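Walk through this model with me, one contact at a time. Keep the sequence and the coordinates side by side.

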Amino acid sequence: MISALIFVTIFTLVLVAYVLEGFEPVGLSFPEVLAIIFLPLVFNIVPPVHVATFNDVYILAEFSGFLVPLFISLYFIYSGKFPFWKFGIGITVVSAVSYYFSDISGVGVVVYNLLLISAVSAVYSVLVENRGIGALAYSCSTLGVFIGSDLVRILSFSSKSVLTIGGGGLSDAIFISGISSILVALFLMHLFQIKNLKSIEEL
C-alpha cells in the first residue's frame with residue numbers, strides 16, 4: 001500500500017514536471033524517464049535474488065529497489081552522457097552524505113533525510129555538468145545511496161543475518177533518491193532560466 005502511494009505520488013510529480021517543463025533541460029529524453037519510472041514497476045513482482053554471502057551475511061537484491069536502478073545508472077555511465085570523473089566525485093560525496101544519514105535498525109538499513117541526499121546530488125550535477133545533468137544526478141543518487149547506506153554497512157550486520165539491498169522496492173531509498181534528484185535538478189534549472197530571463201529583461 002505504501003509502495004503504491006509513493007509510486008503514484010512520484011508519477012504525478014514527474015507527469016506535472018513533463019507537462020510544465022519537459023526533461024530536456026536536464027538532458028533526459030521522455031523514453032529514458034519512462035524507463036526510470038516504469039521498469040521498476042514491471043519488475044516489482046519479481047522476488048529478490050541471492051547475490052552473495054559475505055561474513056555469514058546472506059545478501060539479497062531486490063529488482064525494483066536496486067537492480068533496475070543499478071542497470072539504468074550503468075547505462076547512463078557507459079553511454080557517455082557525462083565524464084566519468086564527474087561521476088566519481090559525485091558518487092563519493094553522495095556516498096558520504098548517505099552514510100551519515102543512515103543507520104541499521106530492526107528492519108535493515110534506514111536512510112534519513114532522503115530529500116537532502118537527493119538535493120546534494122542534484123546541486124552537484126547542476127553545478128558541474130551541462131549536457132547530462134539528469135543522468136549524472138540519478139546515477140550519483142542511486143549508487144551513492146547504495147554504497148553509503150548498504151555496502152559499507154555490511155560488516156556491521158551480525159552473522160547469519162539477511163540483508164536485502166533495495167528491499168523497500170518502490171519505497172526504497174535507492175529508487176526514490178534517483179527520481180527525486182532528477183526532479184530537484186529540473187527545478188533548479190527552471191529557477192536558473194527564470195533568473196536569466198529577468199537579467200536579460202533588465203538589460
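In which loop does G132 lie? G132 sits in the loop between α5 (114–128) and α6 (133–150). Helices here are DSSP runs of H or I with at least four residues, strands are runs of E with at least two, and both are numbered from the N terminus.

First, the ground rules. This is a predicted model, in which local features need pLDDT of at least 70, side-chain atom pairs count only at pLDDT 80 or more, and totals for chains, interfaces and linings use all residues. Residues are numbered from 1 along each chain as its sequence is written, and side-chain values use heavy atoms, with hydrogens and water left out. The predictor's confidence in each residue, pLDDT, runs from 0 to 100. The protein chain averages 84, and 81% of the residues score at least 70. Confidence is lowest in helix α1 (residues 2–20), at a mean of 59. It is highest in α4, at 96.

Back to G132. Its relative accessibility is 1%, so G132 counts as buried. Buried means under 20% relative accessible area, exposed over 50%, and partly exposed in between, with a 1.4 Å probe and protein chains only. Leaving out residues up to four places away in sequence, G132 touches V26, K81 and F82. Contact means heavy atoms within 4.5 Å. P25 is 107 residues away along the chain, yet its C-alpha atom is 9.2 Å from that of G132.

K81 leads on to the charges. The structure holds two salt bridges, each a side-chain nitrogen of Lys or Arg within 4 Å of a carboxyl oxygen of Asp or Glu. K81 pairs with E32, with 3.2 Å between the closest N and O atoms. The pair links distant parts of the chain: K81 is in the loop between α3 (63–78) and α4 (84–100), E32 is in helix α2 (residues 30–42), and they are 49 residues apart. K81 counts as buried because its relative accessibility is 14%. E32 counts as buried too, at 13%.

The side chains of E129 and K86 also form a salt bridge, at 2.9 Å from N to O. E129 lies in the loop between α5 and α6 and K86 in helix α4, so the pair ties together parts that are 43 residues apart in sequence. Both E129 and K86 are buried.

Now move to helix α7 (residues 173–202), which holds I174. At 1% relative accessibility, I174 is buried. Beyond its neighbours within four places in sequence, I174 contacts several residues, among them F66, F146 and I165.

How is the pair of F66 and F146 oriented? The pair is tilted, with 4.6 Å centre to centre and 35° between the planes. Rings of Phe, Tyr and Trp (its six-membered ring) pair if their centres lie within 6.5 Å; planes under 30 degrees apart count as stacked, over 60 as edge-to-face and the rest as tilted. F66 lies in helix α3 and F146 in helix α6, so the pair ties together parts 80 residues apart in sequence.

Strand β2 (residues 57–61) runs parallel to β5, joined by four bridges; strands pair if DSSP finds at least two bridges between them. L60 has T164 as its bridge partner in β5.
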